[in-house]
Amino acid sequence: MPTRGVVRVTVADTLPAAVRQWQAGGRMVATPFGRVFVRSSPDLSDSPTIVLLHGFPSSSYDYREVTDRLADRPWITLDFLGFGLSDKPRPHRYSLFEQADIVQFVLIQAGVKQVALIAHDMGTSVATELLARDIAGVLPFDLQRAVLSNGSVIIERASLRLSQKVLRGPLGPLAARLITERGFVRGFAELFSVATPLTAQEAHDQWALLARCDGDRILHLLCAYLHERVEFAPRWHGAVRDWPKPLSFLWATADPVATINVLAGLRQLRPGAEVIELPGVGHYPQIEVPGGFTAAALRLLDSE
């Protein structure tokens, strides 16, 4: 079992009201790796459950306006270990493989048997690991279809931010200690498009979730997934290419990181995949245009 350090616990009342409301609708689930925050629809029936996977450095909170639009469809989402309202152990070796293990554990614990994935950013690599496991026949549930959105799956085609490059390098621990709310908000705002800019309230909420339990101090540890994207590219690119079930792409085209160059590479890996583009939208389409994002994602999940 991974080593878990002691972290400062932030009093819930210090979280913004909207975050506390999101927190109140969920629960903490104890896994072999640490406790993770999980939120789901009231009824997880036998019909396919939409599983929403978030990215770096945010949390399931990104999907709050998406889940509101899923109507009577069963859904479940979680904060990956180290993110949002989940435990943030340090020292710890954060890994995409472990995050995939956590997703499996949570879904088994919730009794989910049929899955439709929607994944964003870092979550797209967790998703491709699940695809690889499905190809190997080792998943404990029926993964039926998946939608990948604005993730740098093909990392050499992405335009990583300077902060990501520094955090994954030898100066990462120092850089993490020097991060301030003002600096975070400035960099986070650059991920949004001019047409759909980051609001002050969204920025405040995102920082509160990141900084909870000193999460801002472990960003260099959480960035380890970037190294794994390089090391395990053959496995995960192969899963995109070879997974025999419906896989589609939902892409905001004004994303400055997971650019259309990444999407072009994914199209080359999977020429027959259905694609929906969201013009003029930045890296966080589920926040910037939640209505359009949800409608497009459901269209892809429902396509024949």
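How many bridges pair strand S3 with strand S5, and in which sense do the two strands pair? In this predicted model, S3 and S5 (residues 114–120) pair in the parallel sense, over five bridges.

On the S5 side, Leu53 stands opposite Ala119. S3 also has a partner in strand S4 (residues 75–78): the two run parallel and are joined by three bridges. Within S4, Thr77 is the bridge partner of Leu52.

Now to the helices. Two packed helices are described by the angle between their axes and the distance between the axes. Here are those values for two pairs that include H11 (residues 233–242).

| Helix pair | Angle between axes | Distance between axes |
|---|---|---|
| H4 (residues 122–135) and H11 (residues 233–242) | about 70° | 8 Å |
| H10 (residues 224–231) and H11 | about 75° | 5 Å |

How are H4 and H11 oriented, roughly parallel or roughly perpendicular? Angles of 65 to 115 degrees count as roughly perpendicular, and H4 and H11 are therefore roughly perpendicular to each other. H4 passes H11 in a left-handed crossing. From H4, the contact is made by Ser125, Thr128, Glu129, Leu131, Ala132, Arg133 and Ile135, and from H11 by Arg235, Trp236, Ala239, Val240 and Asp242. Sorted by class, this contact has six nonpolar, two polar and four charged residues.

H10 and H11 are likewise roughly perpendicular to each other. In this pair, Glu228, Arg229, Val230 and Glu231 of H10 meet Ala233, Pro234 and Trp236 of H11. The H10 contact with H11 has four nonpolar and three charged residues, with no polar ones.

Is Glu156 buried or exposed? Glu156 is exposed, with a relative accessible area of 59%; the cut-off for exposed is over 50%. You will find this residue in the loop between strand S6 (142–149) and helix H5 (162–167). Glu156 and Val38 are 118 residues apart in sequence, and their C-alpha atoms are 32 Å apart in space.

Key:
Residues numbered from 1 in each chain as written. Predicted model: local features only at pLDDT ≥ 70, side-chain atom pairs only at ≥ 80, totals over all residues. Heavy atoms only, no water. Axes fitted to C-alpha atoms, helices over the stretch in contact; angles between N-to-C directions. Helix = DSSP H or I, 4+ residues; strand = E, 2+ residues; numbered from the N terminus. Parallel < 35°, antiparallel > 145°, perpendicular 65-115°, else oblique. Left-handed = near helix turned anticlockwise from the far one by under 90°. Contact = heavy atoms within 4.5 Å. Nonpolar A, V, L, I, M, F, W, Y, C, P; charged D, E, K, R; others polar. Buried < 20%, exposed > 50% of the residue type's maximum accessible area, 1.4 Å probe, protein only. Pairing = 2+ DSSP bridges.
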